[in-house]
Amino acid sequence: MKQLHSQYPDTLSLSLSNAEGSTADAIYARPESPACNPEAQKVGFEIAHVHPEDNSLHMLLSPADARAVVEAGWGRRFVDASSVPPGWVSSFQSWHSSYY
């Protein structure tokens, strides 16, 4: 995350995850950036956070990229899809069907 932020400091910021109760690292889109996905506002501009206990990552992608991740078997749509934008997915280092 730090490396990604260092490459795009005008577009991204790092902080603790609001979605995870400040228990995980997160990447936030800077709302003033012209590159900011309009859907990011729906999740408080938090576009990714890590779950260190299982090496999973929740992230906001474009709908097309989210579909590609799901179809490739690299992740799943968020469990409660009605509470997040359509590009919000869970991705994980290795597949564990028991995760859900």
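User: How many bridges join β2 to β3, and which way do the two strands run?

Analyst: In general, strands of a sheet pair through backbone hydrogen bonds, either parallel or antiparallel. Here β2 and β3 run antiparallel, joined by 3 bridges. Strands are DSSP runs of E with at least two residues, helices are runs of H or I with at least four, and both are numbered from the N terminus. Two strands pair if DSSP finds at least two bridges between them. As one case, Y28 has E46 in β3 as its bridge partner. Before going on, note that this is a predicted model, where local features need pLDDT of at least 70 and side-chain atom pairs count only at pLDDT 80 or more, while totals for chains, interfaces and linings use all residues. Residues are numbered from 1 along each chain as its sequence is written, and side-chain values use heavy atoms, with hydrogens and water left out.

User: Thanks! In what order do the 6 strands of the open sheet come?

Analyst: The order is β1-β2-β3-β4-β6-β5, with antiparallel pairing. β1 (12-16) and β5 (75-77) stand at the edges with a single partner strand each, so one side of each has no neighbour in the sheet. On average, neighbouring strands are turned by 20 degrees against each other, direction ignored; the axes are lines fitted to C-alpha atoms, for helices over the stretch in contact, and angles run from 0 to 180 degrees between N-to-C directions.

User: Which strands does helix α2 touch?

Analyst: Helix α2 (residues 63-72) packs on the sheet against β5 and β6, and its direction makes about 125 degrees with that of β5. Contact means heavy atoms within 4.5 Å.

User: Is H51 buried or exposed?

Analyst: Buried means under 20% relative accessible area, exposed over 50%, and partly exposed in between (1.4 Å probe, protein chains only). H51 has 8% relative accessibility, so H51 counts as buried. This residue lies in strand β3 (residues 46-51). Apart from neighbours within four places in sequence, H51 is in contact with E20, S56 and H58.

User: Which residue forms a salt bridge with K42?

Analyst: E39 does, with the closest N and O atoms 3.1 Å apart. A salt bridge is a side-chain nitrogen of Lys or Arg within 4 Å of a carboxyl oxygen of Asp or Glu. K42 is exposed at 57%, whereas E39 is partly exposed at 26%.
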